[in-house]
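Take each task on your own before reading its solution.

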Amino acid sequence: MLHYGIWIVALPLLSFKTAPWQLNKIAVSRRSSIFRWGVIGVFLTGAAAVLILWGGFLADYPGTRDTYFTIAILHVLAEFPFLLRFL
């Protein structure tokens, strides 16, 4: 829950002065309309993933938890070489 809380609550609070629907404040979306639609797509994909996870947790908590942590561990392992580079 701590990990989930950081990603869903704490990180958006870091940009508290900017409303999330103001796409012109996001540097990538100012390049062209293709990038703007890309940003919108990323946001919608993230929202869909959250809804799917919530539904999965409601339907089958142990199975969804195992799947979520497997993906999270793979994500950390993918970042590990980059972290070692900074040492």
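Helices here are DSSP runs of H or I with at least four residues, numbered from the N terminus. Keep in mind that this is a predicted model.

**Exercise 1.** Find the helix that holds Thr 64, and decide whether Thr 64 is buried or exposed.

*Solution.* Start with the helix: Thr 64 belongs to H3, which covers residues 61–85. Next, take the relative accessibility of Thr 64, which is 13%. Buried means under 20%, so Thr 64 counts as buried. Finally, look for its partners, setting aside neighbours within four places in sequence: Thr 64 touches Leu 53, Gly 56 and Phe 57.

**Exercise 2.** Locate the salt bridge and classify both of its residues by accessibility.

*Solution.* There is one salt bridge to find in the structure. Arg 65 pairs with Asp 66, and their closest N and O atoms lie 3.7 Å apart.

**Exercise 3.** Which residues form the nonpolar surface patch, and where does Ile 8 sit?

*Solution.* First list the members: Leu 2, Ile 6, Trp 7, Ile 8, Val 9, Leu 11, Leu 13 and Leu 14. Together they have about 840 Å² of accessible area. Then place Ile 8, which is in helix H1 (residues 2–14). Its relative accessibility is 39%, so Ile 8 counts as partly exposed. That value also passes the patch requirement of over 30%.

Definitions and conventions:
Residues are numbered from 1 along each chain as its sequence is written. This is a predicted model: local features need pLDDT of at least 70, side-chain atom pairs count only at pLDDT 80 or more; totals for chains, interfaces and linings use all residues. Side-chain values use heavy atoms; hydrogens and water are left out. A salt bridge is a side-chain nitrogen of Lys or Arg within 4 Å of a carboxyl oxygen of Asp or Glu. Helices (H or I, at least four residues) and strands (E, at least two) are DSSP runs, numbered from the N terminus. Buried means under 20% relative accessible area, exposed over 50%, partly exposed in between (1.4 Å probe, protein chains only). Contact means heavy atoms within 4.5 Å. Patches are made of residues with over 30% relative accessible area and no salt bridge: like charges are joined within 9 Å, nonpolar side chains (Val, Leu, Ile, Met, Phe, Trp, Tyr) within 5 Å. Accessible areas come from the Shrake-Rupley method with a 1.4 Å probe; for residues, only the protein chains shown count as cover.
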